[in-house]
Amino acid sequence: DRDVTSDCTQSIWSHMSPVTPTASFWQRLLTAEPPVSVPRTVGRLLLGIALLLAGVSQLPLQRAEYLDQVPRWLPLDGDFVVVASGVVELALGAALLVWSRRRVLVGVVVAAFFVAIFPGNFYQYVHGISAFGRDTEQARLTRLFFQPLLVLWALWSTGAWRALRQR
């Protein structure tokens with residue numbers, strides 16, 4: 001009386017995805033011994049500093065420019081989104097700098113954050129919004145191609161890439 005559909009779905013999922021979100025997956029993220037090297041450490045620290053600077057600038061300094069990037073279709077107050085994402089950037093930047101024991105988990109969360117804010121960059125491109133020195137269509141389009149690099153940077157510099165690839 002086994003559930004054949006469930007078995008089949010689990011089998012397909014495990015073969016299609018390099019990451020199976022099971023308890024062991026989360027345990028691996030929490031206990032992984034990430035590779036340590038000078039380039040990875042420097043990359044992680046630089047990314048942490050960049051996130052801290054972005055978070056600080058988002059709160060009082062360049063709030064209007066960030067607000068222009070919040071998609072109008074988002075069902076949240078734009079100012080709330082800007083402040084909340086600034087606070088998240090501060091927290092993630094600090095975590096990258098000081099929470100080295102859980103850097104794999106932090107790397108996954110930072111990568112997910114970069115994916116989550118991508119619609120704002122796309123919105124800026126589609127609507128021709130000039131902000132942060134990106135005042136041409138080419139500059140805004142180029143920015144879109146850098147977002148995946150930020151995701152990869154977060155995963156590589158924290159060792160999360162390797163932990164996610166392990167079975």
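How many helices and how many strands does the chain have? In this predicted model, the chain comprises nine helices and zero strands, so that, in keeping with the way elements are assigned here as DSSP runs, the order of elements from the N terminus on reads α-α-α-α-α-α-α-α-α. Of the 167 residues in the chain, 38% are buried. Among the contacts between residues at least 6 apart in sequence, 72% join residues that are at least 24 apart.

The largest nonpolar core contains 19 residues, among which Leu47, Leu51, Leu96, Val110, Phe114, Ala154 and Leu155 touch the most other members. Two or more residues are given to this core by each of helix H3 (38–61), helix H5 (78–98), helix H6 (103–116), helix H8 (137–158) and helix H9 (160–165), and the most is given by H6, with seven residues. In soluble globular proteins, nonpolar side chains tend to be buried together.

The packing of H3 against H5 was considered next. The axes of these two helices, H3 and H5, come within 7 Å and cross at roughly 155 degrees. Because an angle over 145 degrees counts as roughly antiparallel, H3 is roughly antiparallel to H5, and H3 passes H5 in a left-handed crossing. On the side of H3 the contact is made by Arg44, Leu45, Leu47, Gly48, Ile49, Leu51, Leu52, Ala54, Gly55, Val56, Gln58 and Leu59, and on the side of H5 by Val82, Val83, Ser85, Gly86, Val87, Glu89, Leu90, Leu92, Gly93, Ala94, Leu96 and Leu97. By residue class, the contact of H3 with H5 divides into 16 nonpolar, six polar and two charged residues.

H3 also makes a contact with H6. Here the axes of H3 and H6 come within 13 Å and cross at roughly 45 degrees, an arrangement that makes H3 oblique to H6. The crossing in which H3 passes H6 is left-handed. The contact is made by Arg44, Leu47 and Leu51 of H3 together with Arg103, Val110 and Phe114 of H6, and the residues of the contact of H3 with H6 divide into four nonpolar, no polar and two charged.

Gln147 is found in helix H8 and has a relative accessibility of 2%, so Gln147 counts as buried, given that the limit for a buried residue is under 20%. Val115, by contrast, is found in helix H6 and is exposed, with a relative accessible area of 53%, since values over 50% count as exposed. The C-alpha atoms of Val115 and Leu150 are separated by 9.2 Å, although these residues lie 35 residues apart along the chain.

How values were computed
Residues are numbered from 1 along each chain as its sequence is written. This is a predicted model: local features need pLDDT of at least 70, side-chain atom pairs count only at pLDDT 80 or more; totals for chains, interfaces and linings use all residues. Side-chain values use heavy atoms; hydrogens and water are left out. A nonpolar core is a set of buried Ala, Val, Leu, Ile, Met, Phe, Trp, Tyr and Cys residues joined through side-chain atoms within 4.5 Å. Buried means under 20% relative accessible area, exposed over 50%, partly exposed in between (1.4 Å probe, protein chains only). Helices (H or I, at least four residues) and strands (E, at least two) are DSSP runs, numbered from the N terminus. Axes are lines fitted to C-alpha atoms, for helices over the stretch in contact, and angles run from 0 to 180 degrees between N-to-C directions. Angles under 35 degrees count as roughly parallel, over 145 as roughly antiparallel, 65 to 115 as roughly perpendicular and the rest as oblique. A crossing is left-handed if the near helix is turned anticlockwise from the far one by less than a right angle, and right-handed if clockwise. Contact means heavy atoms within 4.5 Å. Ala, Val, Leu, Ile, Met, Phe, Trp, Tyr, Cys and Pro count as nonpolar, Asp, Glu, Lys and Arg as charged, and the others, Gly among them, as polar.
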